[in-house]
Amino acid sequence: MTQYLFVFTILALTYVFGHCSLGDSFPSYRNCVVECSQKRCDKDGVRYKRSCCLVVLEVFKWKCSENCKYDCMWPMVEGLVERDWPVPQFHGKWPFKRLLGLQEPASVAFSLLNLFTNLIMFNRFKEQIRFTLPSCNIWSLYTLVSANCWFWSAVFHGRDTMFTELMDYISAYAMVLFAFYTIGHRILLYSNQIVKNTFMVICSLAFIYHSLYLLTTEYDYKYNMTTNLLVGAVTGTAMLIWAVLNRRRMGHGKYLIFYVLGMTLASLLELADFPPLLWTFDAHSLWHLATAPNAYFMYKFAIEDCKHQRRMLLK
């Protein structure tokens, strides 16, 4: 009965406080933040009245008011856990234990893992593909776009600000869209130049439009997610169709199939949503971990496909 009353109270508070997350709708949490801010912070909420925080917090530019929210959150979380009540989100995010000032340390680590995996596989690509082909330049650009994406992913999860969030979203879309361009370029490899240039212009305009939309309008999470999922689904479908249609002549298409299956299975983690394990590992961080091995299949396809193109040119 107590748990039902608790849930009812939470829903009522959420209604009263509008767009708040469940956690930051608690009056006790709000009072704690107000008292902490009055005691510790200057009027602007950015600086401390006197130095009292760790150097790493200053390095990552954590505001005094933000640290008050963090410090007031954990007594609430601990109280809920002791009563075996569900732990809600605070300000749109699950509670995460910071590590060296990093906001979501697991997502930071796994984003960097993806970055290094791409760089390692591209180095293997360069070791095995020492000749020049148009596709070589495409895979070099693919690596650059991917590395940029995972770099900003690590930065954003380390410190969530409006700027790092925007860079993360734009960079992620760039990687998703460039994967689409990469498979499109392969499908159109032997088409005339006008067709290939038209396809490149369309992809470029799609990126420019999406980026400008995010830059000039109030951020629409649903639109951004839908756009990425749509482009990703079209890319995966194109890869599967190309691999199946060319399975007899180009057996290395199997690596694209493995890549699509791996990314699809990893994406299932994004459907999950639960409080972080050990206040560190949430579904999104585990998704970052699950995507890292798939770089092997993408670059393995790139290596074998460039070798195949080379053989065709020498005939």
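**Entry 1: the Lys93 network.** I looked up Lys93 and found it linked with Glu104 and Asp160 in a network of salt bridges. The model is predicted, so I took side-chain atom pairs only at pLDDT 80 or more. I then checked the Lys93 to Asp160 pair, which comes out at 3.3 Å, N to O. Lys93 sits in the loop between H4 and helix H5 (105-128), and Asp160 in the loop between H6 and H7, so this pair ties together parts 67 residues apart in sequence. I looked up accessibility next. Lys93 is partly exposed, with a relative accessible area of 23%. Asp160 is also partly exposed, at 23%.

**Entry 2: the whole structure.** I ran the search over the whole structure and got 6 salt bridges. I followed up on some of them.

**Entry 3: Glu66 and Arg159.** I found these two side chains in a salt bridge at 2.8 Å, N to O. The pair links distant parts of the chain, 93 residues apart. Glu66 belongs to helix H4 (residues 64-82). Arg159 lies in the loop between helix H6 (134-158) and helix H7 (162-187). Buried or exposed, I asked of Arg159? Arg159 is buried, because its relative accessible area is 9% and the cut-off is under 20%. Glu66 has 22% relative accessibility, so I noted Glu66 as partly exposed.

**Entry 4: Asp305 and Arg186.** I noted a salt bridge between these side chains at 2.6 Å, N to O. Asp305 is in helix H12 (residues 294-314) and Arg186 in helix H7, so the contact ties together parts 119 residues apart in sequence. I checked burial for this pair as well: both Asp305 and Arg186 are buried.

Definitions and conventions
Residues numbered from 1 in each chain as written. Predicted model: local features only at pLDDT ≥ 70, side-chain atom pairs only at ≥ 80, totals over all residues. Heavy atoms only, no water. Salt bridge = Lys/Arg side-chain N within 4 Å of Asp/Glu carboxyl O. Helix = DSSP H or I, 4+ residues; strand = E, 2+ residues; numbered from the N terminus. Buried < 20%, exposed > 50% of the residue type's maximum accessible area, 1.4 Å probe, protein only.
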